[in-house]
Amino acid sequence: MELSKEIYLAIHSVIGSRSVVLHEPEFTGKEWDYLKECLDSTFVSSVGKFVERFERDLEKFTGARHAIAVVNGTAALHIALKLSGVVSNDEVLIPALSFVATANAVSYCGATPHFVDSEDSTMGIDANKLRIYLEEISRQEGQFCINKSTGRIIRAIVPMHTFGHPSDIDQLIKVSKDFNLFLIEDAAESIGSFYKGRHTGTFGLMGALSFNGNKTITTGGGGAILTNDDFLATRARHITTTAKLPHKWEYRHDEVGYNYRMPNLNAALGCAQLEQLPQKISSKRNLFNLYQAAFDQIKSVKLISEPHNCISNYWLQALLLNTENEQERDEVLQLLNQEGYMSRPAWIPLHKLPPYKLCPRMDLSKVNSLATRIINIPSSSGLVKSLI
Ligand SMILES: *Cc1c(COP(=O)(O)O)cnc(C)c1O
């Protein structure tokens with residue numbers, strides 16, 4: 001049988017005949033109640049009790065000392081990078097296999113993304129390969145890591161937890177310490193994912209979450225900055241609220257700020273969604289187990305599972321074709337989409353996008369290979385039952 005047919009039948013055995021999108025939100029909790037409460041109160045904008053509550057609930061769930069709710073995940077990353085000290089002309093190490101927001105947030109700081117290769121097991125940054133690369137291309141000057149060929153400071157590293165699977169954090173923290181780099185986590189895809197029992201996004205100086213409509217839980221649009229640092233949390237609240245000094249009537253702003261705080265309406269949605277997160281994650285894990293049993297028989301393809309010592313939220317289920325079968329990817333995508341199972345390849349790697357074509361990079365052979373072999377298949381939490 002053709003591979004595309006085999007894959008189609010495996011998915012069919014799990015979710016049956018129906019048209020499904022890749023990932024859809026689900027509002028089966030107190031969303032309507034909280035939204036009504038919000039409208040009735042007239043506090044719909046960036047002040048209100050749901051914003052406060054959402055932040056406290058996020059702190060409780062993630063274990064972060066501080067959560068600051070903002071308008072989207074990209075804004076969260078932008079502020080996290082800026083407050084960590086990324087400035088114009090810096091370079092920031094980011095995975096070439098990511099959503100464009102990771103690179104854009106670096107650009108908003110006036111800095112340049114420096115692309116890094118991935119490893120097979122996590123699809124995230126390959127810490128060992130990066131270490132060898134940095135030993136070769138950088139030198140330490142005082143507290144700084146300098147790129148020998150560009151003369152610029154390599155200021156930070158941004159691991160991203162691909163499709164919800166945690167990156168190799170321990171090794172990445174070691175690299176960041178050995179080379180004097182700030183570590184900021186792009187945890188946009190990984191709410192509910194844990195590395196050695198600790199929530200992703202809480203390891204670095206700061207982390208960013210996203211609550212976009214296609215993520216595991218949604219606030220419509222939204223994001224949050226996580227940090228354990230009191231000073232940075234205060235700074236983050238301040239500059240995302242137009243840097244306005246608190247006063248009853250006076251509008252005094254003491255620096256260039258951003259209008260990035262999450263509106264109360266969105267936070268109301270977030271509070272209701274967060275209450276259902278454990279069930280959603282349980283459904284996603286159940287879906288993974290069913291897919292895994294179905295794909296077990298197919299030799300040319302592997303369903304990506306959570307890394308060792310990690311709990312993944314299984315945000316997006318991903319198939320990885322064997323290298324010998326990579327030419328069959330488009331045929332698989334064609335059949336699945338035609339049969340109503342919305343599926344898509346991984347992002348075009350960032351170093352191939354027009355705004356980032358000229359950015360510095362290491363050898364990206366693994367990213368280039370993964371990008372031609374990954375297929376994301378329907379992953380909504382509503383597809384199968386929660387087991388809790
Ligand atoms: C979703 C996402 C973001 C942030 O996205 P927003 O749409 O701005 O909330 C950032 N990085 C990655 C890897 C993402 O998947």
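**The sheet and its surroundings**

Reply: Strand 7 and strand 10 run parallel and are joined by 3 bridges. Two strands count as paired if DSSP finds at least two bridges between them. Strands (E, at least two residues) and helices (H or I, at least four) are DSSP runs numbered from the N terminus. The model is predicted, so local features need pLDDT of at least 70 and side-chain atom pairs count only at pLDDT 80 or more, while totals for chains, interfaces and linings use all residues. Residues are numbered from 1 along each chain as its sequence is written, and side-chain values use heavy atoms, with hydrogens and water left out.

Strand 6, helix 7 (residues 169–178) and strand 7 form a right-handed β-α-β unit: with the strands pointing away from the viewer, the path from the first strand over the helix to the second runs clockwise.

Strand 6 (residues 154–157) pairs in the parallel sense with strand 2 (residues 91–95) over 3 bridges. There, L93 stands opposite I157 of strand 6.

These pairs belong to an open sheet of 7 strands, in the order 1-11-10-7-6-2-3, with mixed pairing. Strand 1 (66–70) and strand 3 (112–116) are the edge strands, each pairing on one side only. On average, neighbouring strands of the sheet are turned by 25° against each other, direction ignored. Helix 8 (residues 230–239) packs on the sheet and touches strand 1, strand 10 (206–210) and strand 11 (223–227); the direction of helix 8 makes about 15° with that of strand 1. Contact means heavy atoms within 4.5 Å; axes are lines fitted to C-alpha atoms, for helices over the stretch in contact, and angles run from 0 to 180 degrees between N-to-C directions.

The largest nonpolar core has 69 residues, and L81 and V92 are among those with the most contacts inside it. Such a core is a set of buried Ala, Val, Leu, Ile, Met, Phe, Trp, Tyr and Cys residues joined through side-chain atoms within 4.5 Å. Helix 4 (residues 73–84) supplies the largest share, 7 residues. Neighbours within four places in sequence aside, L81 is in contact with V86, V92, A105, V106, C109, V158 and I184.

Definitions and conventions
Buried means under 20% relative accessible area, exposed over 50%, partly exposed in between (1.4 Å probe, protein chains only).
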